[in-house]
Amino acid sequence: MIGFFRRKKPQDGPDAAPPRPSTEDLAAALPRAPGESLSDAVEADQPTLASPDVATPAPEVSEPDALPAAAAGKSGWRDRLRRTSAALGLAGLFTRNPRLDDDLLDEIETALLTADVGVPATTAIIEDLRKRMKEREFADAQALLKALRADLIALITPVAKPLAIDASRKPFVVLTVGVNGVGKTTTIGKLARRFKQDGHSLMLAAGDTFRAAAVAQLQTWGERNGVPVVAQGQDADAASVAFDALQSAKSRGFDVLIADTAGRLHTQTGLMNELGKIRRVLGKIDDTAPHEVLMVIDGTTGQNALSQLRQFHAAVGVTGLVVTKLDGTAKGGVVFALAREFGIPIRYAGIGERVEDLRVFDAESFVDALLPEALGGG
Ligand SMILES: Nc1nc2c(ncn2[C@@H]2O[C@H](COP(=O)(O)OP(=O)(O)OP(=O)(O)O)[C@@H](O)[C@H]2O)c(=O)[nH]1
Ligand SMILES: [Mg+2]
């Protein structure tokens, strides 16, 4: 019976067929006592996190050694986005007070592409500026800089929509997805702190069951924030963990449930299908769940983020994004490309490893960090 809930590991290859019946089939078929969870019914002997059988290597929670948190407000954004800002190099360009001509537009175009803004978004901005320059709208380079800032802000304002916890959904279920190592678990830890501070009661689900260390990592974040974590053993079925966690969070009256999942490559069809299964299993308990499918994207991956999002969106219907590691990259311009291509809300930006370094995504602060208004003494 337990074998039904074991599942292939990432190295089993992208298209390996699932070896057993789906969890939702079993959820429907298995008799359970009221309040008894799916895993209780079929996996009584599965090792749990507390079991001495589970090897728990040192969890990958690097925060205590991390740099100090970014300063509050716009200065924190500016400090942490300075690599992308340097890649853009527009500060140097405008302080030279350049002439308003095609060469200037070419330089801006190159700068935007260098910072990974991508071709479609860059072309749209340059064509807008070219048209307005021809119409003699700009008196000088400072006026053009102002228009460029406004175009950049306008591009990302529609996606700067913070995540709102709908209190009528109890629990409000957040399913976290993304490729390996992008910062999913760390982001959940940061969110747990934030939600708790906002007065929400919450629970975490350790849906990354590939590695015992992944469960322990989430557990550490849970302990640090005083938040309970629902876990089964390593190799448990991720959908079964999600099912258990939602049942438990619902019966205990929690406001929010955040489910972690194992990182997976967007090209691994079998593993991508598993996300659909997690989604369906959650829907068995609450047909409106999950209420947010939060995809975490590593800002350092640049344009590759677009194909990642395309595949995850097709597999599981992404409703919000977190772009992490913007502090360590010159490719932060990918945020504009994501906004233009998908229009999916960007909820948060990760600008460091500390728990405080998860910012609600703010269009003006973001553009201000890349292209300060006061450039060139204007
Ligand atoms: N500099 C920086 N590091 C970050 C940020 N977010 C996450 N990290 C680091 O990225 C590394 C990977 O983070 P995890 O949270 O383990 O990533 P994951 O997506 O859960 O990884 P898997 O579960 O293996 O797929 C850790 O060292 C984090 O500290 C960020 O915004 N800035
Ligand atoms: Mg993880």
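Student: Why is Leu309 called buried?

Tutor: Buried takes 20 or more other C-beta atoms within 10 Å of a residue's own, with C-beta atoms placed from the backbone (12 or fewer is exposed, in between is partly exposed). Leu309 has 21 C-beta neighbours inside 10 Å, so Leu309 counts as buried. Keep in mind that this is a predicted model, where local features need pLDDT of at least 70 and side-chain atom pairs count only at 80 or more, while totals for chains, interfaces and linings use all residues. Residues are numbered from 1 along each chain as its sequence is written, with chains lettered from A and ligands numbered from 1 in the order written.

Student: Which residues is Leu309 in contact with, leaving aside neighbours within four places in sequence?

Tutor: Contact means C-beta atoms, placed from the backbone, within 7 Å. On that basis, Leu309 has Met295, Ile297, Val318, Leu338 and Phe342.

Student: What makes the place of Leu309 a helix?

Tutor: A helix is a DSSP run of H or I, at least four residues, numbered from the N terminus. Leu309 sits in helix 14, residues 304-316.

Student: What makes the shell around ligand 1 polar, nonpolar or charged, by class?

Tutor: Ala, Val, Leu, Ile, Met, Phe, Trp, Tyr, Cys and Pro count as nonpolar, Asp, Glu, Lys and Arg as charged, and the others, Gly among them, as polar. The shell has 12 polar, 7 charged and 3 nonpolar residues. Helix 10 (residues 184-197) gives the most to this shell, 3 residues.

Notes:
Helix = DSSP H or I, 4+ residues; strand = E, 2+ residues; numbered from the N terminus. Contact = placed C-beta atoms within 7 Å.
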